Amino acid sequence: MQNPDAAQSAEQSASDLISEKIAALGDWRGETLGRMRRLILEADPDVTETWKWGGTPVWEHNGILCTGETYKGAVKLTFAKGASLDDPAQLFNASLGGNTRRAIDIHEGQEVDESAFRTLIGQAVALNSAGNPKPPKRTTT
């Protein structure tokens, strides 16, 4: 049996699916996810929107920048390489213990510093674009 998400994704663009998800939420979570999406698109006009893992909006540029998940009490933006980003405005407030990811949980009524968020997106693009060069392997003689 075919995965219904895969069939739906083949018929609709990821951008359309993300727009539908935002509209379907119909509450503060949809408004918040829509606002954060707008900031991502402003910060990186070359970003690619994808739809993964059964319905998660994902923004990519040479790899994953961040995902946008919605829960009953929060909109969570998880940055794939957030631990490597400079966050002087301290937007990251979740998943702080990991070695790689960092997340921003936004609760009803909370505002996010838009300039600082766009800066994080820019840093994530730069990090992905720089690649992750591995050190040369040592040879033993």
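Q: Which residues in α3 meet which ones in α4?
A: This is a predicted model, where local features need pLDDT of at least 70, side-chain atom pairs count only at pLDDT 80 or more, and totals for chains, interfaces and linings use all residues. Residues are numbered from 1 along each chain as its sequence is written, and side-chain values use heavy atoms, with hydrogens and water left out. From α3, Arg35, Met36, Arg38, Leu39, Ile40, Glu42 and Ala43 meet Glu114, Phe117, Arg118 and Ile121 of α4; contact means heavy atoms within 4.5 Å.

Q: What classes are in that contact of α3 with α4?
A: The contact has 6 nonpolar, no polar and 5 charged residues. Ala, Val, Leu, Ile, Met, Phe, Trp, Tyr, Cys and Pro count as nonpolar, Asp, Glu, Lys and Arg as charged, and the others, Gly among them, as polar.

Q: At what angle do α3 and α4 pack?
A: About 55°, with the axes 9 Å apart. Axes are lines fitted to C-alpha atoms, for helices over the stretch in contact, and angles run from 0 to 180 degrees between N-to-C directions. α3 and α4 are therefore oblique to each other, as angles under 35 degrees count as roughly parallel, over 145 as roughly antiparallel, 65 to 115 as roughly perpendicular and the rest as oblique.

Q: Switching topic: which residues line the largest cavity?
A: Ile64, Leu65, Phe79, Ala80, Lys81, Leu85, Ala124, Leu127 and Asn128. A cavity is a set of points on a 1 Å grid over the protein atoms alone where a 1.4 Å probe fits but cannot get out, and lining residues have an atom within 4 Å of a point.

Q: Which element gives the most to that lining?
A: α4, with 3 residues.

Key. On a 1 Å grid over the protein atoms alone, a cavity is a set of points where a 1.4 Å probe fits but cannot get out, and a pocket is an open set with protein on both sides within 12 Å along at least five of seven lines; lining residues have an atom within 4 Å of a point. Helices (H or I, at least four residues) and strands (E, at least two) are DSSP runs, numbered from the N terminus.
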